[in-house]
Amino acid sequence: MKQQTIPTQVRQEAEDLVSMYGQRVEYLGQMPDGAAAYYFHFPDNVCAGFPVAWLYGDGQVQELNDKEALKVISLFL
């Protein structure tokens, strides 16, 4: 997985999670449509429901926190 700077828009969307758990936003890769995919890597000792992922493209952020987040993350496993 290539290291990439997290866009400001994604960091703003992740602000609440970062304030609770620290900077744990990670770049996953490029989606087929060209959007960049990111996810929040919860600490191992946190019991959370669905993961949180973001798609970033054309200056827009789409937050995914349900089965769609699982689909996006699984593309990069």
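Accessible areas here come from the Shrake-Rupley method with a 1.4 Å probe, and for residues only the protein chains shown count as cover. This is a predicted model, where local features need pLDDT of at least 70, side-chain atom pairs count only at pLDDT 80 or more, and totals for chains, interfaces and linings use all residues. Residues are numbered from 1 along each chain as its sequence is written, and side-chain values use heavy atoms, with hydrogens and water left out.

**View 1. The whole chain, for orientation.** The accessible surface of the chain comes to about 5100 Å², with 48% of that belonging to carbon and sulfur atoms. Expect 3 helices and 4 strands, where helices (H or I, at least four residues) and strands (E, at least two) are DSSP runs numbered from the N terminus. Along the sequence they follow the pattern α-α-β-β-β-β-α. Taken along the principal axes, the C-alpha atoms fill a box of roughly 35 × 25 × 20 Å. Buried residues make up 36% of the 77, with buried meaning under 20% relative accessible area, exposed over 50%, and partly exposed in between (1.4 Å probe, protein chains only).

View 2. The 4 strands line up in the order β1-β2-β3-β4, with antiparallel pairing; two strands pair if DSSP finds at least two bridges between them. At the edges sit β1 (25–30) and β4, each pairing on one side only. Neighbouring strands are turned by 25° against each other on average, direction ignored. Helix α3 (residues 67–74) lies across β1, β2, β3 and β4 and runs at about 110° to β4. For such angles, axes are lines fitted to C-alpha atoms (for helices, over the stretch in contact), and angles run from 0 to 180 degrees between N-to-C directions.

**View 3. The β1–β2 hairpin.** The two strands pair antiparallel over 5 bridges, and E26 stands opposite Y39 in β2. Between β1 and β2 come 5 residues, and G34 in the turn has a positive phi of about 95°. All 5 of the 5 residues of β2 are buried, so β2 is largely enclosed by the rest of the structure. A36, Y38 and F40 point one way from this strand, while A37 and Y39 point the other way.

**View 4. A close look at A36.** This residue of strand β2 counts as buried because its relative accessibility is 5%. Its bridge partner in β3 is Y56; the two C-alpha atoms are separated by 5.1 Å, though the residues are 20 apart along the chain. Leaving out residues up to four places away in sequence, A36 touches Y27, G29, Q30, W54, L55 and Y56, with contact meaning heavy atoms within 4.5 Å.

**View 5. From β2 through β3 to β4.** Strand β2 (residues 36–40) and β3 pair antiparallel over 4 bridges, with W54 as the partner of Y38. On to β4 (residues 60–64), and 5 bridges join it to β3, again antiparallel. Here Y56 has V61 as its bridge partner, and W54 stands opposite E63. The β3–β4 hairpin has 2 residues between its strands, and D58 takes a positive phi near 55°. Strand β3 (residues 53–57) is mostly covered, with 4 of its 5 residues buried.
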